[in-house]
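The sequence and the coordinates are shown first.

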Amino acid sequence: MALPHTAAANPDPVMGSRAERARLPVARQVVEAVAVKYGVCVHPIPVRRVDPETGTSDIVDVPCGATVTSKCPACAERARLLRITQCRQGWHLEAEPILEPDDPSDDQQELATLRADLEAVRTRAVIEGKDTVVVQAAIERVDDAMTAAGVRGNFLPSHARRRVRSTRRRQDAPDLPPTRVSPTTIGRTFAGKAGKVFRPSVFVTLTCRSYGRVDEHGVPRDMNRYDYVAAARDAIHFPKAVDRIWQNLRRVAGYEVQYFAVLEPQRRLAPHLHAALRGTISRVDLRLVAAATYHQVWWPSTDTVVYHGPVLPVWDELRGYVDPATGEPLATWDEAMDCLDADANAQPSHVVRF
Ligand SMILES: [Zn+2]
């Protein structure tokens, strides 16, 4: 029996029809697809670079650096490959990696001398009130050449004022036995049969405290009693607390413990950390460290909402954020921190614990 002739399931729509237009890819999707194909960041972050001497500014795109594929396939893939390489090369090391930089080559030294000469020319020009555009351009070209020649870091000391923290705001020392940390990353090894050496590792999961009971979907059972503020603040400052865990763990273990870790949200959206540690550390020591570790957050108080709804601070190019009504500049972060320093009765605005 012959089948009746049927039209194709998706006949080509009529030229210029709405259906045809809907099938045309959106320009943005095309650009993103091309970016993904060539391994380029799909969400580059435009950063305005201002030259404080000439006052000129330009826009530079920096890669977003996302580690999640749904955000940026290219950046996530780059991060994934780096981690894989680091893990493969680092996890099974039997000797400490050599971190001494090579001696500077003749080319690098010559460029550094030229860089110093140009810097002197620029300084003189600034003092004499002369134009620095030409010398600045030359300096930038030498900087690029030095980077291309494999020199790391900045060539000038940073002039940014470092925040000197008062002793009162130092993190209190955790209640842990003091141990000297030896500069090794390799944990204890165990000799097996026939000359085999075992290098065990440990798997650890770190979780935040409870903020109240939740149901099987992670939704608080009692919204009025669930500590949302603590949950939000713990989530924000979790990475700092994790840093402190490693510091304390190294003190207790007595060596520079190395780890690979992944941060995941639990069903209740609290962050928790799965980590594989190189070397053996007893459960007793791990519990001791987790119980003794906390991170004190010395932030200006955020308990009172000052601006909300349509009443928001206004950005002023020269003075920063200003009050929308009075036009007064708002206190900067450093000024707010100075107030905190001056307050003898200040308490940490939050403490993260595990
Ligand atoms: Zn990206």
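**Basis of the values**

The model is predicted: local features need pLDDT of at least 70 and side-chain atom pairs count only at pLDDT 80 or more, whereas totals for chains, interfaces and linings use all residues. Residues are numbered from 1 along each chain as its sequence is written, and side-chain values use heavy atoms, with hydrogens and water left out.

**Overall composition**

The protein contains 8 helices and 11 strands; helices (H or I, at least four residues) and strands (E, at least two) are DSSP runs, numbered from the N terminus. Of its 354 residues, 25% count as buried. Among the contacts in the protein with a separation of 6 or more, 63% come from residues 24 or more positions apart, a contact meaning heavy atoms within 4.5 Å.

Helix α3 has 19 residues and spans 26 Å from its first C-alpha to its last, close to the 27 Å expected at 1.5 Å a residue. The expected span is 1.5 Å times one less than the number of residues. Ala74, Cys75, Ala76, Ala79 and Trp91 are buried in α3, and the buried residues of this helix pack against β5, β6 and β7. Cys87 is also found in α3; Cys87 counts as partly exposed because its relative accessible area is 29%. The C-alpha atoms of Cys87 and Tyr259 are separated by 9.4 Å, although these residues are 172 residues apart along the chain.

Helix α5 (residues 133–148) has 16 residues and reaches 23 Å, close to the 22 Å expected. Which residues of α5 are buried? They are Val135, Gln136, Ile139, Val142, Asp143 and Met146. These residues lie on the same side of α5 because they cover an arc of only 120° around the axis, the arc being that of the directions from the helix axis to the C-beta atoms. Val134, Arg141, Asp144 and Ala148 are exposed on the other side of α5. The buried residues of α5 pack against α4 (106–127). Just after α5, Gly150 adopts a positive phi of about 90°.

**Nonpolar cores**

A nonpolar core is a set of buried Ala, Val, Leu, Ile, Met, Phe, Trp, Tyr and Cys residues joined through side-chain atoms within 4.5 Å. The largest has 25 residues, and those with the most contacts inside it are Tyr211, Trp246, Leu249, Leu273, Leu277, Ile281 and Leu286. At least two residues of this core come from each of β5 (201–207), α6 (228–253), β7 (271–278) and α7 (283–292), and α6 gives the most, with 8 residues. Apart from this core lies another, of 7 residues, among them Cys41, Val42, Ala66 and Cys75.

**Exposed residues**

| Residue | Location | Relative accessibility |
|---|---|---|
| Ala194 | loop between β3 (190–191) and β4 (197–198) | 86% |
| Leu269 | loop between β6 (259–265) and β7 | 65% |
| Ile59 | strand β2 | 57% |

Ala194 has a positive phi of about 55° although it is not a glycine. Leu269, likewise not a glycine, has a positive phi of about 75°. Ile59 touches Pro46, Val47 and Arg48, not counting residues up to four places away in sequence. The C-alpha atoms of Ile59 and Pro46, 13 residues apart along the chain, are separated by 6.1 Å.

Technical notes:
Buried < 20%, exposed > 50% of the residue type's maximum accessible area, 1.4 Å probe, protein only.
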